[in-house]
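Me: I am new to this structure and want to know what stands behind the labels used for it. Please set each value against its cut-off.

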Amino acid sequence: MNDLYVDKVLIVEGKSDKNRVKNILKEPVEIICTNGTISITKLDELIDFLEDKEVYILVDADEAGEKLRKQLKREFPQAEHLYIDRMYREVATAPIKHLATVLLSANIDVHTEYLEMG
């Protein structure tokens, strides 16, 4: 978590998800990796950190991702949940254009060239 204040936070599962998404973003968004699981200690830290921020959750469309999503729904009921199409299963392997569209639909500014990719 960096010192530069950003009001939007995106929670993803892994580093490959983070790397895939961060290039698409046009506006500053803090991206937090859970690494698939999240400890009670980490959750407590996040609850304090995320208190006054717009929180978005983007996890894989698989069993592990859904389990994490349920946990995050309980802890962050105000968060907006973003979903990739189930046919792509993983954020890290979903087409860039699809991810850009998902982010844009949540009013997260993206580089427009990713919306035009095949």
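Me: Where is Asp60 found?
Reply: Asp60 belongs to the loop that links strand S3 (54–58) with helix H3 (63–75). The model is a predicted one.

Me: What makes Asp60 a residue with no salt bridge?
Reply: A salt bridge needs a side-chain nitrogen of Lys or Arg within 4 Å of a carboxyl oxygen of Asp or Glu. For Asp60, the nearest side chain of opposite charge is Arg89, 7.9 Å away.

Me: Which residues are in contact with Asp60, leaving aside its neighbours within four places in sequence?
Reply: They are Glu13, Asp17, Gly65, Glu66, Arg89, Glu90 and Val91.

Me: Where is Arg89 found, and why is Arg89 called partly exposed?
Reply: Arg89 is in the loop between strand S4 (80–82) and H4. Its relative accessible area is 47%. Buried means under 20% and exposed means over 50%, so Arg89, at 47%, is partly exposed.

Me: What is noted about phi of Arg89?
Reply: Phi of Arg89 is near 60°, which is positive, in a residue that is not glycine. Most residues other than glycine have a negative phi.

Me: How many salt bridges does a search of the whole structure find?
Reply: The search finds two. One of them joins Lys8 and Glu27, and Arg69 forms a salt bridge with Glu66.

Me: How do you know that Lys8 and Glu27 form a salt bridge?
Reply: Their closest N and O atoms are 3.2 Å apart. The cut-off is 4 Å, so the pair qualifies.

Me: What does the pair of Lys8 and Glu27 tie together?
Reply: Lys8 lies in strand S1 (residues 8–12), while Glu27 lies in the loop between helix H1 (15–22) and strand S2 (30–33). The pair therefore ties together parts that are 19 residues apart in sequence.

Me: Why is Lys8 called buried?
Reply: Lys8 has a relative accessibility of 8%. Buried means under 20%, so Lys8 counts as buried.

Me: How do you know that Arg69 and Glu66 form a salt bridge?
Reply: The closest N and O atoms of Arg69 and Glu66 are 3.8 Å apart. That is within 4 Å, so the pair qualifies. Both residues lie in helix H3, three residues apart, or about one turn of the helix.

Me: Buried or partly exposed: what are Arg69 and Glu66 called?
Reply: Arg69 has 2% relative accessibility and counts as buried. Glu66 has 23% and counts as partly exposed.

Me: What makes Arg69 lie over the face of Tyr83?
Reply: Arg69 is at 3.9 Å from the ring centre of Tyr83. The distance limit is 6 Å, with a further limit of 35 degrees from the ring normal. Lys53 also has its charged end over a ring, that of Phe49, at 4.9 Å from the centre.

Me: How many aromatic pairs does the structure hold?
Reply: The structure holds zero aromatic pairs.

Me: Why is Asn107 called exposed?
Reply: Its relative accessibility is 62%. Exposed means over 50%, so Asn107 counts as exposed. Asn107 is placed in the segment after helix H4 (96–105). Leaving aside neighbours within four places in sequence, Asn107 is in contact with Lys8 and Glu27. Phi of Asn107 is positive, about 65°, although Asn107 is not a glycine.

Me: Why is Asp7 called partly exposed?
Reply: Asp7 has 36% relative accessibility. The limits are 20% and 50%, and 36% falls in between, so Asp7 counts as partly exposed. Asp7 lies in the segment before S1. Beyond its neighbours within four places in sequence, Asp7 is in contact with Lys53 and Glu54.

Me: What is the order of the elements in the chain?
Reply: From the N terminus on, the order is β-α-β-α-β-α-β-α. The chain comes to four helices and four strands.

Me: How do you know that the radius of gyration agrees with a compact globule?
Reply: For 118 residues, a compact globule would have a radius of gyration near 13 Å. The chain has 13 Å, so the two agree. Buried residues make up 45% of the 118 residues.

Terms used. Residues numbered from 1 in each chain as written. Predicted model: local features only at pLDDT ≥ 70, side-chain atom pairs only at ≥ 80, totals over all residues. Heavy atoms only, no water. Phe/Tyr/Trp six-rings, centres within 6.5 Å; stacked < 30°, edge-to-face > 60°. Helix = DSSP H or I, 4+ residues; strand = E, 2+ residues; numbered from the N terminus. Buried < 20%, exposed > 50% of the residue type's maximum accessible area, 1.4 Å probe, protein only. Lys, Arg positive; Asp, Glu negative; His and termini not counted. Contact = heavy atoms within 4.5 Å. Rg over C-alpha atoms; globule rule 2.2 N^0.38 Å.
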